[in-house]
Amino acid sequence: MTNKYNRVYNFAAGPAVLPEEVLETARDEMLNYQGSGMSVMEMSHRSKTFDNIIKTAEADLREIMSIPDNYKVLFLQGGANLQFAMVPINLLKNGTADYIVTGQWAKKAYVEAQKYGKINKIASSEDKTFSYIPDCSDLNISPDSDYVYICENNTIYGTKFHTLPNTKGKDLVSDMSSCFLSEPVDVTKYGLIFAGVQKNVGPAGVQIVIIRDDLIRDDLPVWCPTMLKYKTHADNNSLYNTPPAYGVYICGLVFKWLKKIGGLEAMKQINEQKAKVLYDFLDESKLFKGTVEKNSRSIMNVPFITGSEELDKKFIEQAKNEGFVQLKGHRTVGGMRASIYNAMPLEGVIGLVEFMKKFEKENI
């Protein structure tokens, strides 16, 4: 590579690439954070210094997403997988919820939720290997459903809800892990949003939950663990126990980076430009082929194949030698996948396409 740090172009689905500017700031503040004489990872989460870090991070996120005052922002642990249980435990009142299954993570959430109530699968794209988003304009929503659940961007299969489902008045819960902060979002359309941050926002270990106040309950069953109650964390401003402090600090730096570049509208334009470069090539390539229906394509995760497992393997190896890494598709799918999250620079995508063109000429 020719950049000053000899860094590769990292197309991993998560943990994923972070903005170089953020990493440089973290490096400079590693041993002595703003005159405190210590690293953020060494300081008490009860200290005034860290209190300012987490409060500033929340304030910046609220500004970036225009989060209304009647929503709480929680910085939690456990990864997005923990939300597969926390959501039904906290939100089921009538004991019924409706799930739209468009990928592996939505499927896992659906299976987990069945431990806690009557969970209906009201739409799915599994019939075509999750290669599309089903029509969700007139779903069979259960009359007593407590919420409708989606995984908004499907990391493994490269699909995205470009139109939210018609929930017919029921609260919408969205796993936004792999599209969080990639574009503007109207938070008021959701009852709850959650995201593991290791794809677009920070290091693994933090999950962010944005939940409307009226969904935070204090009448949960006695068996519900204290740590699995949203109220526990909301009442304590995400400081009930020691939070993933250093991860929250990095998230805060990413929020400031997003503000600096112009916010989510600017980020969306950048992301669409990157995705267009890659999809335009895939649409005209004689060797490579995208695996997702065009109207369901994600601008974050782009899966593609050559049609030959041998050629796929050869491509991944040669790409790695050229500095384009982590392009192997998920083990359940195979092929290749380029995750082009916020911090992936445009030149990285252009470089990948140029290499793909070269590989195509040599192997067709």
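Predicted model: local features only at pLDDT ≥ 70, side-chain atom pairs only at ≥ 80, totals over all residues.
## The three-stranded sheet

Three strands form an open sheet in the order S11-S12-S14, and their pairing is antiparallel. Strand S11, which covers 289-290, and strand S14, which covers 336-339, are the edge strands, since each of them pairs on one side only. Between S11 and strand S12, the latter made of residues 301-305, the antiparallel pairing extends over two bridges, and lysine 289 has isoleucine 305 in S12 as its bridge partner. In general, the strands of a sheet are held in pairs through backbone hydrogen bonds, in either a parallel or an antiparallel manner.

Helix H7, formed by residues 263-284, packs on this sheet and touches S11, S12 and S14. The direction of helix H7 makes about 20 degrees with that of S12.

## Helix H7 and its partner H6

Helix H7 also packs with helix H6, which is formed by residues 245-261; the angle between the two is about 80 degrees, and their axes lie 7 Å apart. Because angles of 65 to 115 degrees count as roughly perpendicular, H6 and H7 are described as roughly perpendicular to each other.

On the side of H6, the contact is made by Trp257, Leu258, Lys259 and Ile261, while H7 contributes Gly263, Leu264, Ala266, Met267 and Ile270. By residue class, the contact of H6 with H7 consists of seven nonpolar residues, one polar residue and one charged residue.

## Serine 142, in a loop

Serine 142 belongs to the loop that runs between strand S4 (118-124) and strand S5 (148-151). With a relative accessible area of 11%, serine 142 is buried, because the cut-off for a buried residue is under 20%.

Leaving out residues up to four places away in sequence, serine 142 touches Thr96, Asp98, Asn120 and Lys170. With one of these, asparagine 120, the side chain of serine 142 makes a polar contact of 2.9 Å.

## Lysine 118, in strand S4

Is lysine 118 counted as buried or exposed? Lysine 118, which is found in strand S4, has a relative accessibility of 52% and therefore counts as exposed, the cut-off for that class being over 50%.

Apart from its neighbours within four places in sequence, lysine 118 is in contact with Gly95, Thr96 and Ala97. Asparagine 94 lies 24 residues from lysine 118 along the chain, and the C-alpha atoms of these two residues are separated by 9.2 Å.

Definitions and conventions:
Residues numbered from 1 in each chain as written. Heavy atoms only, no water. Pairing = 2+ DSSP bridges. Helix = DSSP H or I, 4+ residues; strand = E, 2+ residues; numbered from the N terminus. Contact = heavy atoms within 4.5 Å. Axes fitted to C-alpha atoms, helices over the stretch in contact; angles between N-to-C directions. Buried < 20%, exposed > 50% of the residue type's maximum accessible area, 1.4 Å probe, protein only. Polar contact = N/O pair within 3.5 Å; in protein donor to acceptor, adjacent residues only side chain to side chain. Parallel < 35°, antiparallel > 145°, perpendicular 65-115°, else oblique. Nonpolar A, V, L, I, M, F, W, Y, C, P; charged D, E, K, R; others polar.
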